[in-house]
Amino acid sequence: MDESWKGYRSAPYYDELITAKGHPRTAARGAVKLLQRLPAGDLAARRAAAAAAIREMGVSFTVYTEGGNIDRAWPFDIIPRIIPAREWAGVRAGLVQRSRALNCFIDDIYNRQRILADGIVPAEIVLQSSNYKPQCAGVSPRFGVWAHVCGSDLVRDADGHLYVLEDNLRVPSGVSYMVENREITKRVLPELFENYSILPVDDYPSQLYQMLASLSPRERKRPCVVVLTPGIYNAAYFEHAFLAQGMGAELVEGADLFVGDDDCVYMRTVDGPVRVDVIYRRIDEDFMDPEAFREDSVLGVPGLMRAWRGGKVAIANAPGAGVADDKVVYAYVPEMIRYYLGEKSLLRSVPTYLCSRREDRDYVLGNLDKLVVKPANESGGYGIMVGPHVDAATRRKFARLIEKNPRNYIAQPTLQLSTAPTCVDGGIEPRHLDLRPFILQGREAWVTPGGLTRVAMVKGSLVVNSSQGGGSKDTWIVEGRA
Amino acid sequence: MTMLSRVAERVYWLGRYLERAESTARLVDAYHHMVMDIPRGSQPGWDILVRILDAQPIADERFRVANEANVVRLLVSEAEASCSLPYAIQAARENVRTTRDVLPEEVWELVNELYLFAREQADKSVGRRHRQAFLQEVVSRAQVINGVWRNTLCRDHAYRFIKIGQLLERADMATRIIDVGAADILGREGTQQAIDHLLWGTLLKSQSALGAYLRQVGPVVEPDCVVRFVFMEPSFPRSVHFCLRGIRQELPPLKHNEEALRVIERARRKLRRFDRQDWERDELHAFIDDLQGVLSSLHGAICDTWFRVDGA
């Protein structure tokens with residue numbers, strides 16, 4: 001019997017595996033019992049085995065440091081996060097609903113702008129956002145879909161409910177780690193799988209391929225799909241290579257592609273130029289085409305926007321999709337769902353104060369010590385102020401920032417992120433986590449069973465980003481009871 | 001399934017750098033061995049290695065005297081110098097790092113391990129005590145990597161370009177070794193007859209050819225036969241003849257291969273003309289010079305045809 005579980009308590013937070021009274025939750029019972037029965041020291045050995053497997057499999061991400069870029073081994077906690085299938089079915093439906101509404105919104109914004117004309121969303125919020133790309137106006141991608149891959153971040157508050165924290169619609173990453181995490185768990189804790197029926201996650205690349213292939217402008221049995229990466233120095237290069245390999249697609253850099261006189265996109269191959277049908281873009285749109293966006297980009301392909309606008313190539317996610325990936329626009333998603341789908345939002349959103357609204361701003365400035373303040377357009381957890389965790393000087397700094405540029409800031413109540421038992425040096429302790437499922441949207445929508453659970457490995461911390469010391473867990477959607 | 005030009009270029013260089021690492025290790029090892037067998041005062045200088053590897057300008061920048069310590073340090077441990085073993089290994093690694101998706105997974109792991117091994121051990125291996133173990137480890141690790149890709153890669157473009165890179169590098173190295181090595185030995189003729197067989201033996205060893213030579217040709221190591229063997233022996237996988245034939249075999253499945261085929265046939269015709277028994281030292285040098293020119297055109301033709309695809 002492993003002593004390290006003794007006295008595990010997470011209150012006042014909601015714990016994913018253990019109830020407030022210290023008992024395993026129903027879906028987690030089998031796994032927790034098994035882990036508790038492991039002889040002392042065994043868990044540490046499994047942890048070491050997982051670290052070795054990660055090194056061997058070469059699962060890494062790149063971190064920028066002053067001494068150059070280094071490949072870091074992927075940080076992983078071996079205790080899985082377990083979610084009952086029944087709960088997941090509701091989440092899944094909510095995510096599909098959200099993805100449909102967001103895509104209706106983007107398509108509307110770049111075409112008729114009905115939602116603005118009807119005054120549901122204030123026009124200036126959308127059209128003045130740096131995420132709104134006028135170059136995309138008038139384009140109608142197939143199925144009306146712009147955000148083909150969406151990574152929505154979910155968190156569970158102390159009340160036990162899941163909330164959508166944000167929708168990542170530009171180039172969301174992390175899905176390869178979801179697949180690799182399962183692979184590692186199978187290697188180091190195979191016994192855990194014996195009494196469970198866990199939804200598999202490893203067919204993501206083939207689901208992604210099918211969705212991408214369905215976008216091809218040419219009717220072909222096997223359209224030419226490529227993954228466009230900024231290159232080896234990008235933090236997510238491992239994932240780009242992983243997905244390309246998993247789809248049997250070429251992993252290309254900007255210099256491998258060119259746009260011909262016929263406005264079609266070609267890749268340079270040993271057989272000569274080969275026409276590309278679909279580009280899975282893992283490079284920011286601002287760097288995608290120096291003719292249309294940043295002229296100084298050396299990563300992009302001149303003329304790519306021309307080819308896309310002319311319908312000669314499909315690009316996923318479509319440039320401009322980020323217009324709905326804005327923390328101010330986020331506040332309007334429930335209205336969008338009602339407006340476009342005539343439905344009530346199935347997933348909860350976090351109450352959001354828009355600093356551009358006078359009464360919201362006054363409330364935010366008066367309650368900075370209780371709120372999380374976020375810049376509207378940053379990702380990766382940068383530029384965020386967690387009110388209760390910072391000193392008065394930082395709060396004053398943010399107050400000045402907000403007054404100077406209110407459109408650029410939103411505030412939300414500080415959520416009590418849920419926890420799960422996590423192996424740390426010296427035992428098992430609760431750590432805060434979130435969940436990033438991935439939604440694929442073509443003609444139909446498909447949601448990963450589970451997603452990537454990210455863990456804040458530092459005690460008490462709420463920051464789960466891998467670029468800032470976050471770790472991850474395998475995420476199980478389990479059917480029936482174990 | 002086609003292949004991106006950039007990826008083809010990188011796997012081609014992987015083949016070249018891996019072969020360069022292995023042959024440099026063999027060369028230094030063979031020389032290291034020989035030096036111990038030769039009476040004091042009679043050894044040829046260590047600068048010959050610098051000349052074989054075409055590294056004179058780099059060497060001149062770093063030291064005035066091409067003695068054992070300086071030359072071995074340059075070739076074995078100076079990661080910045082393009083003629084060094086660690087440089088070739090690091091370059092091989094960079095080329096796999098960005099082409100992992102077309103290669104067997106073990107290739108990346110093994111090349112990465114070779115890189116880590118060289119980075120850790122190279123400095124300690126300049127002195128005579130650890131030198132040989134280090135060099136032999138590099139050779140055997142390179143051989144394992146070659147075994148993996150040869151035995152697991154589909155016979156597709158990735159295989160083709162690694163193989164072409166490897167064989168072209170090997171042919172190039174063989175011609176350099178004969179050019180500089182034979183000239184050196186022949187230049188000494190009359191003065192050191194007693195140790196000549198040792199020198200020619202070393203030359204064979206640096207090509208892993210000694211055993212094969214003894215079985216095929218016989219127990220007497222003779223200059224004419226050695227040069228012929230390294231150049232012409234069709235059954236020996238490190239002979240120039242064998243390398244050119246191997247490259248020729250990989251060209252037909254590639255599109256737009258006309259120029260490369262033309263150049264490789266020119267190289268093979270040139271080599272076939274090398275059948276005289278009694279060449280003079282200068283003739284040999286002129287012949288090799290010519291042959292190297294053709295090898296370099298072959299490299300150029302490969303780059304122009306498959307790695308630089310024009311358009312927009």
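**Figure 1. A salt bridge joins A:Glu253 to B:Arg6.** In this predicted model, the side chains of A:Glu253 and B:Arg6 come together with 3.4 Å from N to O.

**Figure 2. Helices and strands of chain A face chain B.** Which elements of chain A give two or more residues to the side that touches chain B? Two are helices, α2 (42-57) and α8 (237-247). The others are strands: β8 (250-252), β9 (257-259), β10 (265-269) and β11 (272-275). Sorted by class, the residues on this side of chain A are twelve nonpolar, five polar and seven charged.

**Figure 3. Chain A and chain B bury about 2200 Å² between them.** Carbon and sulfur atoms hold 48% of that buried area. As for who takes part in the contact, look for 24 residues from chain A and 23 residues from chain B.

**Figure 4. A:Ser216 sits in a loop of chain A.** To find this serine, follow the chain from α7 (204-213) towards β7 (225-228); A:Ser216 lies in the loop between them. Is A:Ser216 buried or exposed? Its relative accessible area is 2%, so A:Ser216 counts as buried. Leaving aside residues up to four places away in sequence, A:Ser216 touches A:Arg142, A:Pro223, A:Asp277 and A:Val278.

Figure 5. The secondary structure of chain A comprises 13 helices and 24 strands. Its radius of gyration is 23 Å, close to the 23 Å from the globule rule for 482 residues, so chain A is as compact as a globular protein of that length. The C-alpha trace of chain A spans about 70 × 60 × 50 Å along its principal axes. Of the 482 residues in chain A, 57% count as buried; A:Ser216 from the previous view is a buried residue too. How much of the contact in chain A, counted at a separation of 6 or more, comes from residues 24 or more positions apart? Such residues account for 68% of those contacts.

Conventions. Residues numbered from 1 in each chain as written. Chains lettered and ligands numbered in written order. Predicted model: local features only at pLDDT ≥ 70, side-chain atom pairs only at ≥ 80, totals over all residues. Heavy atoms only, no water. Contact = heavy atoms within 4.5 Å. Buried area = accessible area lost by both parts, 1.4 Å probe. Salt bridge = Lys/Arg side-chain N within 4 Å of Asp/Glu carboxyl O. Helix = DSSP H or I, 4+ residues; strand = E, 2+ residues; numbered from the N terminus. Nonpolar A, V, L, I, M, F, W, Y, C, P; charged D, E, K, R; others polar. Rg over C-alpha atoms; globule rule 2.2 N^0.38 Å. Buried < 20%, exposed > 50% of the residue type's maximum accessible area, 1.4 Å probe, protein only.
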